[in-house]
Amino acid sequence: MNQQVGASQSSSVDGPRYLIPENEYDYGHPEVVFWTNYFMNEAQKLNVFANIKATIESKRSRLAAETMANAWYDFSCYVPVFITKAVAQTDDPERQHHLIQIAYDELGGRDKSLIHSKLFLDAIAGIGISVSARPSGASVKDVLRVLDQILVGTKGQYGIVGLLLSFEIIAQENIETVYDCLSYNDASRESLSATPFFKIHRADETEHIRHSIANFLRFCKTEAQREEFRKSFDDGLYFWHRFWDQCARMINVAASLSPRAPEGKKISLHAAEQDSHRYAAAEVRGVDGLIASKG
Ligand SMILES: [Fe+2]
């Protein structure tokens with residue numbers, strides 16, 4: 001069964017997809033349009049893709065694709081874990097109902113063959129890549145722990161809604177960046193485009209964003225609630241900055257360890273491993289400071 005039919009509800013046969021029936025904040029609602037543009041523009045200002053875009057332009061290779069595949073697989077497995085943890089910190093059943101929907105979608109809805117992390121493995125298998133531990137020992141898991149710390153430090157109910165919007169707001173560019181990093185030649189680019197993973201994400205990220213904006217409008221009504229929401233939204237964007245910088249770093253480290261790297265550019269495995277952990281530790285300190293600054 002097609003995910004569009006099996007796991008979702010649509011307003012009409014040809015209309016846009018909705019995770020759950022929406023009576024108020026549909027795609028055409030003026031506040032949905034306004035706030036989607038507003039939060040997308042706010043996210044854009046941080047330029048979180050600057051390093052990864054420059055890196056992939058100069059380091060595009062099968063090795064870079066393998067490195068990206070490992071990072072995105074770790075992230076993909078973490079997505080439903082993060083959302084369900086956020087929902088577990090939510091005290092109202094109606095908010096829980098709305099906030100859990102994207103996790104349910106990520107886990108395939110009613111069809112386990114559509115679990116997104118598994119679709120991702122299928123997509124990379126088609127270009128001859130599988131996930132495995134990196135020779136440098138580097139991964140994004142330390143950066144994902146940073147996001148866990150941000151969540152644990154988010155005590156307010158409206159902050160949780162804000163953190164979940166930040167998780168989705170750059171989803172379309174995330175997917176296109178993953179696609180670009182995995183496309184190490186024309187054949188892989190073509191193969192990836194045809195996979196259910198990329199087809200579903202290209203079609204569905206818009207709904208994840210609209211759904212999260214609707215949650216903001218539905219649950220954050222007062223100035224104080226919106227202020228709390230906004231603070232956590234900013235904290236979540238901080239995570240994305242670190243995530244993409246770590247991916248760029250991992251690709252650079254992998255390239256420098258490669259036998260094909262120019263002599264002067266090679267670094268030792270030990271140095272690369274230390275560098276990666278030092279970077280992750282700095283990230284954790286950064287978030288400690290960020291959480292402490294919340295007072
Ligand atoms: Fe997904």
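Hello everyone, and thanks for coming. Before anything else, please keep in mind that this is a predicted model, where local features need pLDDT of at least 70, side-chain atom pairs count only at pLDDT 80 or more, and totals for chains, interfaces and linings use all residues. Residues are numbered from 1 along each chain as its sequence is written.

Let's begin with the overall picture. The protein has 13 helices and two strands. Those elements are DSSP runs, with helices being H or I over at least four residues and strands being E over at least two, numbered from the N terminus. There are 295 residues in the protein, and 39% of them are buried. Buried here means 20 or more other C-beta atoms within 10 Å of the residue's own; 12 or fewer is exposed, in between is partly exposed, and the C-beta atoms are placed from the backbone. As for contacts, two residues touch if their C-beta atoms, placed from the backbone, lie within 7 Å. Taking contacts between residues at least 6 apart in sequence, 82% join residues at least 24 apart.

Now to our guide. Helix α4 covers residues 62–88, and helix α5 covers residues 93–106. Their axes are 9 Å apart and they pack at an angle of about 165°. Those axes are lines fitted to C-alpha atoms, for helices over the stretch in contact, and the angles run from 0 to 180 degrees between N-to-C directions. So α4 and α5 are roughly antiparallel to each other. For that wording, under 35 degrees is roughly parallel, over 145 is roughly antiparallel, 65 to 115 is roughly perpendicular, and the rest is oblique. α4 passes α5 in a left-handed crossing, meaning that the near helix is turned anticlockwise from the far one by less than a right angle, with clockwise being right-handed. On the α4 side the contact uses Val79, Pro80, Ile83, Thr84, Ala86 and Val87, and on the α5 side Gln96, Leu99, Ile100, Ile102, Ala103 and Glu106. Sorted by class, that contact has nine nonpolar, two polar and one charged residues. Nonpolar covers Ala, Val, Leu, Ile, Met, Phe, Trp, Tyr, Cys and Pro, charged covers Asp, Glu, Lys and Arg, and the others, Gly among them, are polar.

Next partner: helix α6, residues 116–125, whose axis comes within 8 Å of that of α4, crossing at roughly 160°. That makes α4 roughly antiparallel to α6, and the crossing is left-handed. Here Ala69, Trp72, Tyr73, Ser76 and Cys77 of α4 meet His116, Ser117, Phe120, Leu121 and Ile124 of α6. This contact divides into seven nonpolar, three polar and no charged residues.

The other partner I'd like to show is helix α12, residues 223–257, which packs against α4 at an angle of about 140° with the axes 9 Å apart. α4 and α12 are therefore oblique to each other, and α4 passes α12 in a right-handed crossing. From α4 come Leu63, Ala64, Thr67, Met68 and Ala71, and from α12 come Cys247, Met250, Ile251, Ala254 and Ala255.

Which residues touch the most other members of the largest nonpolar core? They are Met68, Leu164, Leu182 and Cys247, in a core of 69 residues. A core like this is a set of buried Ala, Val, Leu, Ile, Met, Phe, Trp, Tyr and Cys residues joined through C-beta atoms within 7 Å. Its largest share, 13 residues, comes from α12. Setting aside residues up to four places away in sequence, Met68 touches Val178, Cys181, Leu182, Cys247 and Ile251.

Phe219 sits in helix α11, residues 196–219. Phe219 counts as partly exposed because it has 19 C-beta neighbours inside 10 Å. Beyond its neighbours within four places in sequence, Phe219 is in contact with Arg95, Tyr158 and Val161. Phe219 and Tyr158 are 61 residues apart in sequence, yet 7.5 Å apart in space, C-alpha to C-alpha.

Finally, look at Asn47, in the loop between α2 (30–45) and α3 (50–59). Most residues other than glycine have a negative phi. Asn47 is not a glycine, but has a positive phi of about 55°. Is Asn47 buried or exposed? With 11 C-beta neighbours inside 10 Å, Asn47 counts as exposed.
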